[in-house]
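Please examine the model shown below. The paragraphs that follow lead from the chain as a whole to individual residues.

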Amino acid sequence: MKTILNVIWLVLSGFWLFLGYLAAGLLLCITIIGIPFGIAAFRIGVYALWPFGYTTIERHDAGAPSCVGNVLWLVLAGWWLAIGHIVTGLLLCVTIIGIPFGIANFKLIPVSLFPLGREIVRTDRPFAAGW
C-alpha cells in the first residue's frame, strides 16, 4: 500500500515538491554559511519525494548550532513552507481519495519548520537511526 501511495504522490505532487526543495538547496549552497540549510533542503526534498513509510525523529546529539539555525530557518523560510503545506494539505483533504495525501503534507510541516537536528527514518525502524 505504501508503494502505491508513494507512486501516486510522486506523479501528482511529490516530484514538483522535490524540484522546489532541490532548487532552494542549490541556491542555499552558493554561500558557505548557507550549506547546512541547503543540505536540510535536500533532505526535506527527498522526504517530500517519497513520504509514505518514512517519518522524522529529533536527533538528541544536535546542539546549539542546530537551534540557532532552526530559528533563522523559521524566520526566513519555515513559515512560508509550513503555510504552503497546510494549504495544500487542506485542499487535498477535500476529497476522500486525497486524504492520505493531505496527511502526507501535514507530515511535512514539522520538518519544514525546524529541519536542522532532525533525521528521516523508516516507520518500521523509528529508533534505529541514532541509538
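Predicted model: local features only at pLDDT ≥ 70, side-chain atom pairs only at ≥ 80, totals over all residues.

The accessible surface that the protein chain presents comes to about 7,900 Å². Of this surface, 78% belongs to carbon and sulfur atoms.

The overall dimensions come next. Taken along the principal axes, the box filled by the C-alpha atoms of the protein chain is roughly 40 × 30 × 20 Å. A compact globule of 131 residues would have a radius of gyration near 14 Å, and the value of 15 Å for the protein chain agrees with this. Of the 131 residues, 34% count as buried. Contacts between residues at least 6 apart in sequence can also be examined: 72% of them join residues at least 24 apart.

The secondary structure consists of four helices and two strands. Along the sequence, these elements follow the pattern α-α-β-α-α-β.

Which parts of the chain do aromatic rings tie together? A search of the whole structure finds five aromatic pairs. One of them is formed by tryptophan 9 and phenylalanine 52, whose rings are 6.3 Å apart from centre to centre, with 85° between the planes, an edge-to-face arrangement. Tryptophan 9 belongs to helix 1 (residues 2-28), whereas phenylalanine 52 sits in the loop between helix 2 (35-49) and strand 1 (54-58); the pair therefore ties together parts that are 43 residues apart in sequence. Tryptophan 9 and phenylalanine 52 are both buried.

Phenylalanine 52 also pairs with phenylalanine 101, again edge-to-face, at 5.9 Å centre to centre and with 85° between the planes. This pair links distant parts of the chain, since phenylalanine 52 is in the loop between helix 2 and strand 1 while phenylalanine 101 is in helix 4 (residues 99-113), 49 residues apart. Phenylalanine 101 is buried, as is phenylalanine 52. Through these ring pairs, Trp9, Phe52 and Phe101 are linked into a cluster.

Three further residues show how surroundings may be described one position at a time. Alanine 41 is part of helix 2. Is alanine 41 buried or exposed? Its relative accessible area is 1%, and a residue under 20% counts as buried, so alanine 41 is buried. Apart from neighbours within four places in sequence, alanine 41 is in contact with Tyr21, Gly25, Leu28 and Trp73. Isoleucine 83 is 42 residues away from alanine 41 in sequence, and their C-alpha atoms are 16 Å apart in space.

Glycine 20 belongs to helix 1. With a relative accessible area of 40%, glycine 20 is partly exposed. Glycine 20 and alanine 41 are 21 residues apart along the chain, and a distance of 9.2 Å separates their C-alpha atoms.

Serine 66 is located in helix 3 (residues 64-92). The relative accessible area of serine 66 is 18%, and this residue is therefore buried. Which residues does serine 66 touch, not counting those up to four places away in sequence? The residues concerned are Leu116 and Gly117.

Key
Residues numbered from 1 in each chain as written. Heavy atoms only, no water. Phe/Tyr/Trp six-rings, centres within 6.5 Å; stacked < 30°, edge-to-face > 60°. Buried < 20%, exposed > 50% of the residue type's maximum accessible area, 1.4 Å probe, protein only. Rg over C-alpha atoms; globule rule 2.2 N^0.38 Å. Contact = heavy atoms within 4.5 Å. Areas by Shrake-Rupley, 256 points an atom, 1.4 Å probe, with all protein chains shown as cover.
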